[in-house]
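This report describes how two chains meet and what each contributes. Please look over the sequence and the structure before reading on.

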Amino acid sequence: MSFTPQLPPVAKLEQKTVIDLVANGKRMDDRTADSYRPLQIQVGLIEKANGSAQVYLGKSKVLVGVKVETGTPFPDTPDEGVLTVNAELGPLASPLFETGPPSEQAIELARVIDRGIRESKAVDMKSLVLLKGKKVQVVFVDIYILDHDGNLIDAASIGALAALASAKLLKAELKGDEVVYKPGLHPLPLNNHPVAVTFAKVGKTIVVDPVLEEEQVMNARLTVTIEKNGNICAMQKGGLSGFTQDELKTIVHLAVQKAAENRAKILAAAKG
Amino acid sequence: MEKLPEPKQPEKLIDDKGIRIDGRRLDQLRPIKLEVGILDKADGSAYIEQGKNKILVGVYGPREAHPKHIALPDRAVLRCRYRMAPFSVDERKNPAPSRREMELSKVIRESLESVVLTDLYPRTTIDVFIEVLQSDGGSRCAGITAASLALADAGIPMRELVAACAVGKIQGHMALDLSDAEDKYGEADLPVAWVPNANLVTLLQMDGILTTSEFEKGLTMALDACKTIHGMQQEALKKKYLVIKEVAEEREETEVVA
């Protein structure tokens, strides 16, 4: 059951400071409302994964690993591979996170990233079929949150795309009933490059890429995932209040612009 | 009967005259039936039928918070559970809570938070249970529409009612209130919840592909539909209390005769 979360006491004391700053056109870290934190992407840190990427978004730090394995397709999509996205919000990343089964925040995060990749048809699912209805390749995208300073959705989305775009795998083929791998690595076939951009409404102002302090006092949050042609492929609103129709229009147009900027950085980093 | 006939993919979702598979125009809602106060034990309840959706919502509270540590000192905690019955869909749904249900419980709760005057009841919980008995596309929106009626029926002070409706894209056209088949074989789905007087969109999700102008058009369509649904919600509430009034008047008359 989902219930209203408790705000840490410190956040309550800071509430007014954060809102006043944003209302005066400033932010906790001296950014403007429409600017992103510095973004750093490293790929291939985990040699045992097919693809991996570590993302620093300001002080938020996320590691994403991609593993490709052989498995069975879902009965309703016998001619497609399988994509699974999971997120771990481990207790090392923040005092707000606890051990135990995935929280609703972790589930929401994973599902928003999944929606962006799936709906933009980023991974070429048809190319992952070894034997129709029987054997396909399964792409696991595992998101590890290492340090939580806000906007985990964008950091995870950037990490997921960088890890997928840099993923390498052996060519698998079916010989009789057995899967054999041919030597030589080839890239995971990608058709699209979805990028999530998240906005928060702090007081009456819309800011992009909120830091933790802003997230804790925001009225509402909106993530817009943009695919490579500038169309929207996923959206998710969060937070206790909402947005006006005009605010939504502004956000969507800004998202298209920010996604294109970040996409260029991600693809450059993935090439190495 | 072991197996029901499986629904087939329709050849076309819109015919040459612009009519959808269930006979609707692109901007037309499915028939909606709303009932308020139909459960005995719950503090408030509501039932909605929208197309083939059949959804029952029960509200308990404000009541003492259990477990105690989730209680907040300055407001009531709003709790929400969205659940689909195993028999509500074509292929039996495993009764264990799915990731989808957990996500929807969260976004539905967040869509209701801003209208409930939670600061009047510190240290308590207000619980909203949404049971989807039959699902036909757009169940989260129908659930929100019914949940805000159930909250009102429980006598919980609210700023106003929340109305919700989805729009989507089928065969390249924006269409209102997608049915199950349209959602499945269409190109995009955009559920929206709206608080009319505060002019706030409190639920917004999207999957599929939409251009920015399609999104803007879809949002306007959804908000117009929410206005219509908001009117229906008010009527449903009035209807219940008119019945109560009539019953009370009848009783008064018989008492006078006696």
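How many residues of chain B are in contact with residues of chain A? In this predicted model, 35 residues of chain B are in contact with 33 residues of chain A. On the side of chain B that touches chain A, β4, α1, β9 (200-210) and α4 (212-257) of chain B each supply at least two residues. β9(B) gives the most, with 11 residues. By residue type, this side of chain B divides into 17 nonpolar, eight polar and 10 charged residues.

**Strand pairing between the chains**

Strands of a sheet pair through backbone hydrogen bonds, either parallel or antiparallel.

| Strand of chain A | Strand of chain B | Sense | Bridges | A bridge pair |
|---|---|---|---|---|
| β1(A) | β4(B), residues 77-84 | antiparallel | two | S2(A) with C80(B) |
| β13(A), residues 232-238 | β9(B) | antiparallel | four | A234(A) with D207(B) |

The pairing of β1(A) with β4(B) belongs to an open sheet of six strands with mixed pairing, in the order β1(A)-β4(B)-β5(B)-β3(B)-β2(B)-β1(B). At its edges stand β1 (2-3) of chain A and β1 (32-36) of chain B; each has a single partner strand, so one side of each is left without a neighbour in the sheet. Helix α1 (residues 99-113) of chain B packs on this sheet, touching β1 of chain A as well as β4 and β5 (124-134) of chain B. The direction of α1(B) makes about 140° with that of β4(B). Helix α2 (residues 139-153) of chain B lies across β1, β2 (44-50), β3 (53-64), β4 and β5 of chain B, and runs at about 150° to β2(B).

**Chain A**

The secondary structure of chain A comes to five helices and 13 strands. Its radius of gyration is 19 Å, close to the 19 Å that the globule rule gives for 272 residues, so chain A is as compact as a globular protein of that length. The C-alpha trace of chain A spans about 65 × 40 × 35 Å along its principal axes.

Helix α1 (residues 9-23) of chain A has 15 residues. From first C-alpha to last, α1(A) reaches 22 Å, close to the 21 Å expected at 1.5 Å a residue. Where does α1(A) bend? The bend is at Q15(A), by about 45°. After α1(A) comes G25(A), whose phi is positive, near 75°.

Technical notes. Residues are numbered from 1 along each chain as its sequence is written. Chains are lettered from A and ligands numbered from 1 in the order in which they are written. This is a predicted model: local features need pLDDT of at least 70, side-chain atom pairs count only at pLDDT 80 or more; totals for chains, interfaces and linings use all residues. Two strands pair if DSSP finds at least two bridges between them. Two residues are in contact if their C-beta atoms, placed from the backbone, lie within 7 Å. Axes are lines fitted to C-alpha atoms, for helices over the stretch in contact, and angles run from 0 to 180 degrees between N-to-C directions. Ala, Val, Leu, Ile, Met, Phe, Trp, Tyr, Cys and Pro count as nonpolar, Asp, Glu, Lys and Arg as charged, and the others, Gly among them, as polar. The expected span of a helix is 1.5 Å times one less than its number of residues. The bend at a residue is the angle between axes fitted to the seven residues ending there and the seven starting there. The radius of gyration is taken over C-alpha atoms; the globule rule is 2.2 Å times the number of residues to the power 0.38.
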